[in-house]
Amino acid sequence: MQSGNIYDFKVEPQDVDFALRARLAAMCGNILNIAGQDAHRNGFGTDAVMKQNNSWVLSRLAIEFDYLPKQYDAYKIRTWIVDSGRIISVRNFVLSDAAGGVFGRVTSQWCMINLETRRPCDLTPVLDACRQYVFDEEAPCEAPRKLAAVEAEATTEHRVVYSDIDFNRHVNTLRYIEMMVDTLPIEVLAEPHAIRLDIHFVKESRYGQTLTIGSRHEADCWLFEIKDNDGAVICRATFEFR
């Protein structure tokens, strides 16, 4: 018997690019939205933890797509959580097509922060209260990789504006992904590829800051490092096209 819950999706026109394939950020958006919906469904969503002035934040993410589905394709996302420690909770996902074939695998690491101190909280009380929703099923793909500093070959800047900010009052994960994707060569995005994305969040960025997106191309990989006004690393990421 499979662990967790299953959610149905269809690739809508607003989710596709000029090749009529789902945009990477749109797929990531659905995955992360399911994380929130599933946590809410099981009683430990953002609405519940905010009553204690806490909130969930994504720490690390690894995504593998064999391909990106096309406009109007139906697919399912199955998700489950793993009890992995006092500070980090792991949530996994598997994406399958209408025939049941798996085309996407995701593992993500989350922590809960106090909204005043912006520091991580102990997850033990939450996981103990929701033990029936924690499963031992192994991750569907390799865990998020450790990402080294990037010696950038090219940089671009982005000023953080209203539409970048989420309910935690910091830049939304999808906006980081879009900032990085927008620097990739259009020829790469035009062709169908299997994709592996690793992203590691180091620090928050907030409204009004100017971010520098540094990138480096190595073989089939694009390496990214985003920094704030003071040169502090916000996040690192690797896009691997196979």
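Let me start with helix H1, residues 24-41, and helix H4, residues 173-181, whose axes in this predicted model come within 9 Å and cross at roughly 165 degrees. As for handedness, the crossing in which H1 passes H4 is right-handed.

Which residues meet where these helices touch? On the H1 side they are Leu 24, Ala 25, Cys 28, Gly 29 and Leu 32, and on the H4 side Thr 173, Leu 174, Ile 177, Glu 178 and Val 181. Sorted by class, this contact of H1 with H4 has seven nonpolar residues, two polar ones and one charged one.

Helix H4 also leads us to the aromatic residues. Searching the whole structure turns up eight aromatic pairs, and one of them joins Tyr 176 and Phe 201 in a tilted arrangement, with 5.5 Å from centre to centre and 55 degrees between the planes. Tyr 176 belongs to H4 whereas Phe 201 belongs to strand E7, residues 195-201, so this pair ties together parts that are 25 residues apart in sequence. Tyr 176 counts as buried, because its relative accessibility is 2%, and Phe 201, at 14%, counts as buried as well.

A further aromatic pair is made by Phe 224 and Phe 239, and here the geometry is edge-to-face, with the centres 5.4 Å apart and the planes at 80 degrees. Phe 224 sits in strand E9, residues 221-227, and Phe 239 in strand E10, residues 233-241, so the parts tied together by this pair are 15 residues apart in sequence. Phe 224 has a relative accessibility of 0% and so counts as buried, and Phe 239 is likewise buried, with a relative accessible area of 0%. Elsewhere, ring pairs link Phe 9, Phe 65, Tyr 67, Tyr 75 and Phe 103 into a cluster.

Finally, a word on Asn 54, which is found in strand E2, residues 54-65. Is this residue, Asn 54, buried or exposed? Its relative accessibility is 12%, and because buried means under 20%, Asn 54 counts as buried. If we leave aside the neighbours within four places in sequence, Asn 54 is in contact with Val 49, Met 112, Ile 113, Asn 114, Leu 115 and Cys 121.

Terms used. Residues are numbered from 1 along each chain as its sequence is written. This is a predicted model: local features need pLDDT of at least 70, side-chain atom pairs count only at pLDDT 80 or more; totals for chains, interfaces and linings use all residues. Side-chain values use heavy atoms; hydrogens and water are left out. Axes are lines fitted to C-alpha atoms, for helices over the stretch in contact, and angles run from 0 to 180 degrees between N-to-C directions. Helices (H or I, at least four residues) and strands (E, at least two) are DSSP runs, numbered from the N terminus. A crossing is left-handed if the near helix is turned anticlockwise from the far one by less than a right angle, and right-handed if clockwise. Contact means heavy atoms within 4.5 Å. Ala, Val, Leu, Ile, Met, Phe, Trp, Tyr, Cys and Pro count as nonpolar, Asp, Glu, Lys and Arg as charged, and the others, Gly among them, as polar. Rings of Phe, Tyr and Trp (its six-membered ring) pair if their centres lie within 6.5 Å; planes under 30 degrees apart count as stacked, over 60 as edge-to-face and the rest as tilted. Buried means under 20% relative accessible area, exposed over 50%, partly exposed in between (1.4 Å probe, protein chains only).
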